[in-house]
Amino acid sequence: MRNIFLVIKREYLVRVKKKSFLIMTLLAPLLFVGFYAVVIWVAIGSVDTKTVQVLDESGLFKKEFKDSETLKFVYLDASLDSAKARFKGSEANALVFIPKNVINEPKSVRIYAAKNVSMDLKSDIEKVIEKQIEDIKLSAAGITHQILEDSRVNVTSETISLSDEGEKTSSSGAATVIGGICAFLIYMSVFIYGTQVMRGITEEKTSRIVEVIISSVKPFDLMLGKIIGVALVGLTQFVLWIFLTAALTSATSAALSSQMPKDSPQMKQEMKKIQDGMPNRQMPGGTVENPIAEVLGAVNSLNIPLIIGCFLFYYLGGYLLYSALFGAVGAAVDNDADTQQFMLPITLPIIFSFVFAQFVLRDPDGNLAFWTSIIPFTSPIIMMVRIPFGVPAWEIALSMVLLVLGFMGTTWLAARIYRVGILMYGKKVSYKELAKWIFYK
Amino acid sequence: MNIIEVRNVTKEYSNHVALDDVSISIPKGSIFGLLGPNGAGKTSLIRIINQITGPDKGQILFDGEILNASHISRIGYLPEERGLYKKMKVGEQLLYLAQLKGLSQKQAMEKLKIWFVKFDIKTWWDKSVSDLSKGMQQKVQFVSTVLHEPDLIILDEPFSGFDPINANLIRDEILELKQKGCTIIFSTHRMETVEELCDNIALIHKSKKVLDGPKKEIKEQFKTHTYFVEYKGELDGLENTFEILDEKELESGYKRTNIHLGQNISPNELLTSLLPKVEIRSFGENIPSMSDIFMRSVNEVPEG
């Protein structure tokens, strides 16, 4: 036990004292906050209004394009050619051309612009035209304007999760974001820290210090010490990132909010866009009064302690499961270049789970979601995607038990390969050879 | 009293036998030479004594007890393939290795100070190992091997990579350790080292022990009862009991001859017969060198 502790201490200190660790730990939150600050700054700063010229030959859209804070519509009355010629000299950002027979040929609408038009502008214009044509066609079919108005019911639904603690307003949007972030963090850390374990073991092997070390430490203790040491480095980095990011974010937003009017229309629009961009859009974008409060409320509706607890468990479980395998690879080869052939079977399940995660986000209670969140090789990533949406306790328990068994299994397997591999030099190892090592006495 | 007793140890790997029923006794306080050609099984035996691997059959006694984990801190091991953490500082690294051998940080620090003064390497403490030359790294590794004052020190080719000055320094250290009562196992190909330092030897060849015992006795055993004479004159008409093996002309008119003596004939009798015939410059017994013994033992074992 004393030796395992010494190994953990060395592995931890050697890595934490490295300049690259310090740089990464400080730089990542700075980059994150910097990015965040730039986004907000751009949002506040872009108050210039865009002018859109409309050349409406059909005469159907006279009143339909409504000016907003960022868009100003100017109606032209000229031929297309002269309008185009004048457009170049004007300060207008875009020219919309609606031909006479737009009702029959809706695809003939054109948007001219000096530069490319943003997707938002394009879809806004298309929406207005679509709606007007729809209205006209419906009226032509005998449905009056009044009926149309009446039939336009604005349904806004609230998703409410029924749980033992009673009803709770939930937000699939927030759950999606949180689940996605957790899955990504676990995916990244398994890769980054798993390869660190592998590198460390290959380094000990190629520098031949391993023979000295294992004359005092049991190979299993050495391997486990390294795995735990690197895990602690990862945890340290996470904790520092969370604190630094939180501190920097609050400092930055305090600085920014002093320059920013409350509920500025730009902010509202930005928030609306972000919400609209979410895959599961449940929040009624139009009725958002205070979007920030809404998001905070949604986040608060999630079971944050459960999510953090599970995140730590699945981070550690997934890392332990995979780093043992990475460690076995490190012990089996002579140098970094030879690791490739053994890396594939280890990285595939990690990459697959990250791909599956995208589907699971859309259908967090489906069959795929269930099975992949139970199997230990995919569960660390997939279960973290599902947990913000709410998962039955027995499923979490089963998945956790299997994950623990899973990493005990991979650690056992890795230890068998490790103790033979670290003393094996100058030999190209095949899978058959590895299998033999596992069953050595 | 033997510090190590290897009893009928067999070790097999998937496709070959590394040690085949090997028994060796290593007396306490001796310098023991473990000899053998490359791939004979020396490293396998050393790894078993270090508890890096275990024997398939047989057992090892350390100081009378069956080898177990508590003996790890009483052994110091310098492997043939030297290695240190390249990026780690010399001081930190030695502290770490000493602590793994069971020393407390404080004890390790005190002992390290003594060694750093002794080897005059105080300025190395904060240097990265990769900044040291190969010879300097060897010195650091030697310190790490003996720092915890083990009872048994196993040195695999200890002089490789040292210049003559540092090799002498290390040799003196080894002799000093022996004086203090340490037992030292040498694994080496360099017969001059064995000749100079070892009290006992064992020779392993093709996984089997072919020879062991005190160096003196082995030399006695390998004596061929031949004597050399360097002389001026003609060696004609010697008795039949003296068999002239060869004769060689040396520069300056002297000749050198090897003469084999028959059973129970003393060198004095040879001298008496020689004196009237030739002018003797030097005379002596041909004592087999370790190198001769090594070659003869290895070649006697049939191939395959």
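Predicted model: local features only at pLDDT ≥ 70, side-chain atom pairs only at ≥ 80, totals over all residues.

Student: Where does B:K206 lie?

Tutor: In chain B, the loop between β9 (200-205) and β10 (208-214) holds B:K206. Its backbone is worth a look too: phi is near 50 degrees, a positive value in a residue other than glycine. Most residues other than glycine have a negative phi.

Student: And what about B:D63, what is its phi?

Tutor: B:D63 is not a glycine either, yet its phi is positive, about 55 degrees. You'll find B:D63 in the loop between β4 (57-62) and β5 (65-66) of chain B. Because it has 16 C-beta neighbours inside 10 Å, B:D63 counts as partly exposed.

Student: Let's zoom out. Which domains does the assignment give for chain B?

Tutor: Domain 1 takes residues 2-220 and domain 2 takes 224-286 of chain B. Taken over C-alpha atoms, the centres of these two domains are 44 Å apart.

Student: What does UniProt say about residues 4-231 of chain B?

Tutor: An unreviewed UniProt entry annotates that stretch of chain B as "domain: ABC transporter". In the model, residues 4-231 of chain B are 33% helix and 30% strand, with 49 Å between the end C-alpha atoms.

Student: Back to strands. How does β11 of chain B pair with β13?

Tutor: β11(B), residues 226-232, runs antiparallel to β13(B), residues 255-261, over six bridges. Within that pairing, B:F228 stands opposite B:N258. β11(B) also pairs with β14(B), residues 279-285, again antiparallel and through six bridges. There, B:Y227 has B:E285 as its bridge partner.

Student: Switching to chain A: how many helices and strands does it have?

Tutor: Chain A has 16 helices and six strands. Of its 441 residues, 31% are buried. Looking at contacts in chain A between residues at least 6 apart in sequence, 71% link residues at least 24 apart.

Student: In what order do the strands of the open sheet in chain A come?

Tutor: The order is β2-β1-β3-β4 in chain A, with mixed pairing. β2 (71-76) and β4 (110-113) of chain A are the edge strands; each has a single partner strand, so one side of each lacks a neighbour in the sheet. From one strand to the next, the twist averages 25 degrees.

Student: Which way do β1 and β3 of chain A run, parallel or antiparallel?

Tutor: Parallel: five bridges join β1(A), residues 50-56, to β3(A), residues 94-98. A:V54 sits opposite A:V96 of β3(A). Helix α3(A), residues 80-89, packs on this sheet and touches β1, β2, β3 and β4 of chain A. The direction of α3(A) makes about 175 degrees with that of β3(A).

Note on methods. Residues numbered from 1 in each chain as written. Chains lettered and ligands numbered in written order. Domains from an automatic or database assignment. Helix = DSSP H or I, 4+ residues; strand = E, 2+ residues; numbered from the N terminus. Buried ≥ 20, exposed ≤ 12 C-beta atoms within 10 Å, placed from the backbone. Contact = placed C-beta atoms within 7 Å. Pairing = 2+ DSSP bridges. UniProt positions renumbered as here; feature names shortened; annotations may be inferred. Axes fitted to C-alpha atoms, helices over the stretch in contact; angles between N-to-C directions.
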